[in-house]
Amino acid sequence: MAEVAAAETGKPSAPGRGVLGRVKKKRVGIRIDMTPMVDVAFLLLIFFMVTTVFRRPLAMEVNLPEPGAKVEVPESNVMTIYIDRDESMYYKVGKNPIEPITWAELTPTLRAGADANPDLIVLVKISREARYEDMVDMMDTLEDARMERFSLIPMKERDEQALEELK
Amino acid sequence: MARRTRVRIDMTPMVDVAFLLLIFFMSTTQFKPPEPVAVTLPFSQSEIHVPETGTIILTVNQTGQVFISSERGTDIQELSPDNLLEAIVAWRTRNPGAVVVVKGDRDAAFGAMVDLMDALADAKTLRFNLMTDLAKKPASERRAAG
């Protein structure tokens, strides 16, 4: 385009500029500046690329003992926590009678028990009709109280009867 | 002459590609992947991440039904108490290195979870993960508040 215009005027090299400017004004079509649109497009592109990354789920780790492995523990070293089907909680230490306990009292009781007896082992007996959340919350609370070793077992009829008598 | 004309880069192809990608990401973004089985996870303060691939997911729904799948969830199959152990052993043999993740509903009965954990122990899967949502407060505080 420019070359043609220059050739027509017969001035290949010199001032040319005025000539070029004139030609441009007449012939060049409308140009839309796409920069802002492209900016927005890239911004959205980056936003979607970043948010597409999946949120990875979290988990708590469980290590079960070997099946059939038996550990003899004296009864005085055992703290038993019961969670009944109505989610009421009870506990007993050693041969002491069973007492009711609330979630708020649980952590201090666990700490006190561990301080009084460093060999204390926690046995959690949960009713089969209780909820899975009770188990996870109990595991979380025990971990909070630095009780890494505990047993989780479903309640037997004998335990359920013992709890019934308390109510 | 040629040197004097300003260099203009034609941005059209680039913009085309950009918009194509934009449309692709807009249409594929799902803020929550669809779950074959609806499960409300329990809370815990644990911050261990579940691996993204190479997992066997055991889902327990509210009513205590157990499902087994890989992390993709497309190969999901429902299990009954009778074939629970059998299926776990079969899946473990097929993917020996896979991490077992138990994804239980917080309202599932404890009995169903115990049966599942017993089956896992019988299948010599002594290490597994319980999928949870991150809790901001310790369990004792949350439960005390009701």
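**Exercise 1. State how much area is buried between chain B and chain A, and which residues of chain B lose the most.**

Solution. About 5,200 Å² is buried between chain B and chain A, and carbon and sulfur atoms give 65% of that. Buried area is the accessible area (1.4 Å probe) that two parts lose on being put together, summed over both. In chain B, the residues that lose the most area to chain A are B:Phe110, B:Leu126 and B:Arg143, together 16% of what that side buries.

This is a predicted model: local features need pLDDT of at least 70, side-chain atom pairs count only at pLDDT 80 or more, and totals for chains, interfaces and linings use all residues. Residues are numbered from 1 along each chain as its sequence is written, chains are lettered from A in the order in which they are written, and side-chain values use heavy atoms, without hydrogens and water.

**Exercise 2. Count the residues in the contact and the salt bridges, and describe the one made by A:Asp137.**

Solution. Step one: chain B brings 54 residues and chain A 49 residues to the contact (heavy atoms within 4.5 Å). Step two: the count between the chains is 7 salt bridges (a side-chain nitrogen of Lys or Arg within 4 Å of a carboxyl oxygen of Asp or Glu). Step three: A:Asp137 forms a salt bridge with B:Arg143, with the closest N and O atoms 2.8 Å apart.

**Exercise 3. Find the strand of chain A that pairs with β2(B).**

Solution. Strand β1 (residues 58-63) of chain A pairs with β2(B) in the antiparallel sense over 2 bridges. Strands are DSSP runs (E, at least two residues), numbered from the N terminus, and two strands pair if DSSP finds at least two bridges between them. The bridge partner of A:Ala59 in β2(B) is B:Ile48.

Notes
Helices (H or I, at least four residues) and strands (E, at least two) are DSSP runs, numbered from the N terminus.
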